[in-house]
Amino acid sequence: MWWGTPQHMHKAEAAEAEKMAAAVPSLGTVPMDLDVKGEGPTTPHELHAGLRSLLESKECCDIVFIAGEERIEAHAVVLAASSGSFCTFLRQNPALGLSMSAVDSPKEMEDLFSVQQKRQPDQPDTSIEVGQATTEAEGVTETNSTKNSQADVADMPTEPGKTESDAVTIVATEPAETGTGAEPKPAEAQEVSQPAEEPKQAPKQTDPTDKEREVKEVEKEMQQKMHIHVNGLSSAEALHIILDYVYKGFGGADWQYNATTAQVNKDVLRLARSFGFSHLHEHAARWLATGLTTENVLERLVTCEEFGLGLLREKINERLALKPAELMLVCSSPEITKHPRILQDLLVQVASLQDKQDANAEDGNQKEEEAEKENHENQESLENKENKNENRQDKQTKKEKPDKHKPTKAEKMAKQEKPQAEKQPAKRRKA
């Protein structure tokens with residue numbers, strides 16, 4: 001009996017185990033497939049979550065948007081894959097590894113974005129942060145001071161019997177001795193003690209080459225990224241909304257459109273139209289129809305006219321025309337004089353509404369007349385029906401009355417026989 005097998009097994013259990021073993025196919029010459037359960041494929045949600053994590057940590061970012069005073073990093077490959085117009089715009093600059101395109105980028109993209117020219121090696125890099133620039137300046141000043149001190153020492157006359165290295169050690173130790181207030185030592189003691197202290201002071205001096213190397217590395221990293229200025233934005237909020245829309249799967253379940261102001265919504269409309277994001281453009285357009293008041297309705301109408309949102313503008317005008325008081329308040333605003341076309345549309349809407357009301361009134365009068373005619377005809381038809389019913393009832397009553405009894409032939413014969421029978425007895429009597 002093999003190790004690990006139970007020593008006591010019932011016959012029924014043994015038989016069931018044999019059946020299970022017999023049911024399992026054996027590996028032979030015939031191919032056999034095994035059912036292996038594993039994890040499912042990666043969902044788009046997981047992919048977008050990974051892209052968002054890279055964006056938040058600013059890893060693998062190769063493009064920098066400059067919107068006002070804020071710099072926003074992103075991934076060029078994600079934006080290029082999301083927007084064909086932006087991909088064409090990037091192909092005009094092969095710095096990111098994309099092949100040059102013979103097709104010109106859309107005019108909207110050229111007006112919206114402008115690529116920052118890379119600096120020459122002799123020019124300072126303005127994109128480096130202030131702290132890095134300060135570090136570079138400190139390193140340069142230290143190197144200059146070190147060079148000046150060495151030049152001063154080289155110009156000093158050396159005493160007979162002393163080398164230049166001895167003179168350098170003496171000059172380096174003189175300020176320390178005079179600052180401490182101790183008694184001056186003889187020159188011979190200084191010459192003997194200084195060579196032993198030189199290895200200790202050498203590590204304290206900062207090496208300017210390390211700082212310069214760090215600054216150069218930062219410059220290289222910044223030069224590798226493409227810097228794009230976003231023109232015409234009031235703030236960077238609209239650009240954040242665009243990136244949030246792209247990195248969350250083009251309006252996925254966890255995405256919500258939240259524009260804080262009308263100007264930000266206007267910037268989103270412009271960016272969405274330039275990138276070709278029709279779904280985001282629809283969200284921004286619907287935002288204009290929410291929270292309408294007499295104070296902001298004129299601004300919303302101006303935005304609709306600027307971006308060609310004709311259907312939405314007509315809906316807003318129709319809503320205003322239903323309330324004459326609100327319409328008069330909007331038309332009396334001094335700002336509407338700057339937009340004569342909107343004022344003209346409102347007046348046309350009012351005139352068309354008045355025509356509709358007049359037409360509806362005429363239709364109402366006609367309908368009333370038609371209704372009266374129908375009622376009159378119905379009454380006449382009812383009267384006719386009643387008369388007909390009465391005539392029918394009269395005829396029925398006449399039919400129901402009993403008719404006079406008509407004598408049958410037998411009755412007639414009987415009547416004729418009676419007088420003859422009466423005449424015979426009378427003749428007999430006479431006889």
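Two strands count as paired if DSSP finds at least two bridges between them. Helices (H or I, at least four residues) and strands (E, at least two) are DSSP runs, numbered from the N terminus. With that in hand, let us walk through the structure together. It is a predicted model, in which local features need pLDDT of at least 70 and side-chain atom pairs count only at pLDDT 80 or more, while totals for chains, interfaces and linings use all residues. Residues are numbered from 1 along each chain as its sequence is written, and side-chain values use heavy atoms, with hydrogens and water left out.

First, the overall picture. The protein has 17 helices and 4 strands. Of its 431 residues, 23% are buried, where buried means under 20% relative accessible area, exposed over 50% and partly exposed in between (1.4 Å probe, protein chains only). A contact means heavy atoms within 4.5 Å. Among contacts with a separation of 6 or more, 59% join residues 24 or more positions apart.

Now to the sheet. The 4 strands form an open sheet in the order β2-β1-β4-β3, with mixed pairing. Its edge strands are β2 and β3, each of which pairs on one side only. On average, neighbouring strands are turned by 30° against each other, direction ignored; for angles in general here, axes are lines fitted to C-alpha atoms, for helices over the stretch in contact, and angles run from 0 to 180 degrees between N-to-C directions.

How are the strands joined up? On to the next pair: β1 and β4 run in the parallel sense over 4 bridges, with Val-64 opposite His-227 in β4. Finally, β3 and β4 pair in the antiparallel sense over 3 bridges, and Ser-114 stands opposite His-229 in β4.

Two helices pack on this sheet. Helix α4 touches β1, β3 and β4, and its direction makes about 125° with that of β4. Helix α10 (residues 237-247) touches β1, β2 and β4, and its direction makes about 15° with that of β2.

In α4 (residues 84-91), the buried residues are Ser-85, Phe-86, Cys-87, Phe-89 and Leu-90. They pack against β1 (63-67), α3 (76-82), α5 (107-112), β3 (113-115), β4 (226-230) and α11 (262-275). As for α10, 8 of its 11 residues are buried, so α10 too is largely enclosed by the rest of the structure. Those residues are Ala-238, Leu-239, Ile-241, Ile-242, Leu-243, Tyr-245, Val-246 and Tyr-247. Just after α10, Gly-249 takes a positive phi of about 80°.

Let us turn to helix pairs. Two packed helices are described by the angle between their axes and the distance between the axes. Helices α11 and α12 (residues 278-287) pack at an angle of about 155°, with their axes 9 Å apart. That makes α11 roughly antiparallel to α12, given that angles under 35 degrees count as roughly parallel, over 145 as roughly antiparallel, 65 to 115 as roughly perpendicular and the rest as oblique. The crossing of α11 and α12 is left-handed, meaning that the near helix is turned anticlockwise from the far one by less than a right angle (clockwise would be right-handed). From α11, the contact uses Ala-262, Asn-265, Val-268, Leu-269, Ala-272 and Arg-273, and from α12 it uses Leu-280, His-281, Ala-284, Ala-285 and Trp-287. By class, they divide into 8 nonpolar, 2 polar and 1 charged; Ala, Val, Leu, Ile, Met, Phe, Trp, Tyr, Cys and Pro count as nonpolar, Asp, Glu, Lys and Arg as charged, and the others, Gly among them, as polar.

Further along, the axes of α13 (residues 297-307) and α14 (residues 310-321) come within 9 Å and cross at roughly 150°. That makes α13 roughly antiparallel to α14.
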